[in-house]
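Take a look at the model below. We will go from the whole chain down to a single residue.

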Amino acid sequence: MQISSGDEASKCGDAMHTKIYAGTLFDSEKCELIKHRVISVSANVDFSDARNIDLRSKTVLPGFVDCHVHFFLHPYSETSWEDQNTRESLVERTIRATVHARETLMAGYTAVRDLGTEGAGDADVLFRKCVSGPNPLIPGPRYFCANRAIVTTGSYGPRNRLYPNRAGVEGKTGAEAADGVDECIKVVRRQVGAGADWIKLYADYRFRAEMTQVSPQTASESLDTFNTDELHAIVQTAHKLGVKVAAHTDEHGHSVGESSFFRRSPDDYVARDTGIRQPTVWIPTLSVYYTLGKDTPMWKQAASTFTRAIKASDLNVKIACGGDTGTFAHGDNSLEMKLMVHLGADWKTVLRWGTLGGWECIRSMRWEGQKGKERLAKIHELREDARVVGDNETGILRRILSAPWIREALSS
């Protein structure tokens with residue numbers, strides 16, 4: 001993609017480019033609003049007679065990135081997480097995912113990272129084929145998936161109330177259990193071999209949730225799941241296979257290397273280090289706490305931690321946006337950015353977190369290091385096959401720009 005000033009627009013050959021005239025363009029690199037720019041798009045898009053899109057009265061933004069979605073979940077206010085796992089068929093959940101993909105794209109999100117099917121097995125890897133790549137079947141964003149979250153035995157649901165020592169309900173589990181170094185290595189290898197873009201693990205969780213009726217405080221406490229050797233095994237195995245790792249951590253922080261972690265506290269993350277020091281991204285997931293109860297201690301703590309973090313001058317982690325979308329409605333992804341601004345973050349910085357910052361987080365390790373810089377340098381040429389240049393490229397995104405309902409949305 002080429003970006004030029006209005007005066008330079010005439011130099012772009014009309015026969016070779018589609019031009020979007022932007023009254024104001026947000027630059028995610030510099031966090032600046034730039035006036036009067038022309039965005040030239042490759043000529044393989046068929047815009048018929050309307051190759052010039054007039055957005056001179058609009059502000060044009062890069063596509064938003066949601067670093068934490070669950071396309072195979074819908075709001076818990078509609079159906080509980082356990083009922084979605086145990087009472088909804090895989091067919092229903094997949095059809096819902098296709099709707100969620102379209103709603104996400106129409107909300108301005110052109111890339112997402114799906115952090116686990118939550119009981120839908122390998123559906124995300126298969127779903128990716130339908131939404132990304134050269135021959136997509138449905139409209140949707142670039143789709144990066146993590147397959148099944150990795151947990152330790154006994155730490156996750158759905159819980160079997162009748163047989164408490166049995167994992168899951170009638171064979172349905174929300175994640176995949178692995179215990180010990182050997183099992184951790186094996187599950188990572190299998191998931192990556194099956195096509196996972198990311199590995200997701202629960203570094204801590206409400207391990208004693210079955211104590212709710214007799215000791216609610218004990219039940220709600222997040223406890224470490226994996227030990228240090230197991231964490232090392234997961235991360236090192238994933239990295240050797242060219243895959244990043246995302247770690248869920250509520251109370252304690254865990255360094256997971258060239259990866260990301262989400263939930264509450266970057267301070268705890270820094271304090272409890274496994275010894276692997278790589279660029280890491282914090283995904284605060286404020287939206288899920290706000291949605292599930294804005295008057296609860298959990299939301300107040302999450303909000304307080306975020307406010308403290310953005311004021312800290314020595315915070316040594318990057319931030320990106322991801323609200324755990326799916327626990328609340330798909331299409332409302334921007335709630336995360338709104339909450340960040342509400343809690344005191346600079347709106348331009350938040351836009352950067354929600355665009356460039358998100359892409360730097362979810363992109364594969366092939367974009368990192370010197371080889372990654374070489375690949376990035378090729379983007380401006382737009383001469384490579386999209387499947388080579390862009391991980392999980394969504395070919396349909398370019399084609400549907402010519403659809404009337406997209407043009408109507410752009411002009412509104």
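Predicted model: local features only at pLDDT ≥ 70, side-chain atom pairs only at ≥ 80, totals over all residues.

Start with the chain as a whole. It has 16 helices and 16 strands. There are 412 residues, and 51% of them count as buried. The accessible surface comes to about 19,600 Å². Carbon and sulfur atoms account for 51% of that surface. Now consider contacts with a sequence separation of 6 or more. Of these, 68% join residues 24 or more positions apart.

Next, the helix pair. Two packed helices are described by the angle between their axes and the distance between the axes. Helix α8 spans residues 286–293, and helix α10 spans residues 335–342. They pack at an angle of about 90°. Their axes are 8 Å apart. An angle of 65 to 115 degrees counts as roughly perpendicular, so α8 and α10 are roughly perpendicular to each other. Which residues meet? From α8 come Leu286, Ser287, Tyr290 and Thr291. From α10 come Leu335, Glu336, Leu339 and Met340. Five residues of this contact are nonpolar, two are polar and one is charged.

Finally, the loop residue. Threonine 117 lies in the loop between β6 (109–114) and α3 (123–131). Is threonine 117 buried or exposed? The cut-off for buried is under 20% relative accessible area. Threonine 117 has 1% relative accessibility, so it counts as buried. Which residues does threonine 117 contact, leaving aside neighbours within four places in sequence? They are Phe72, Arg93, Ala123, Asp124 and Asn147.

Conventions
Residues numbered from 1 in each chain as written. Heavy atoms only, no water. Axes fitted to C-alpha atoms, helices over the stretch in contact; angles between N-to-C directions. Helix = DSSP H or I, 4+ residues; strand = E, 2+ residues; numbered from the N terminus. Parallel < 35°, antiparallel > 145°, perpendicular 65-115°, else oblique. Contact = heavy atoms within 4.5 Å. Nonpolar A, V, L, I, M, F, W, Y, C, P; charged D, E, K, R; others polar. Buried < 20%, exposed > 50% of the residue type's maximum accessible area, 1.4 Å probe, protein only. Areas by Shrake-Rupley, 256 points an atom, 1.4 Å probe, with all protein chains shown as cover.
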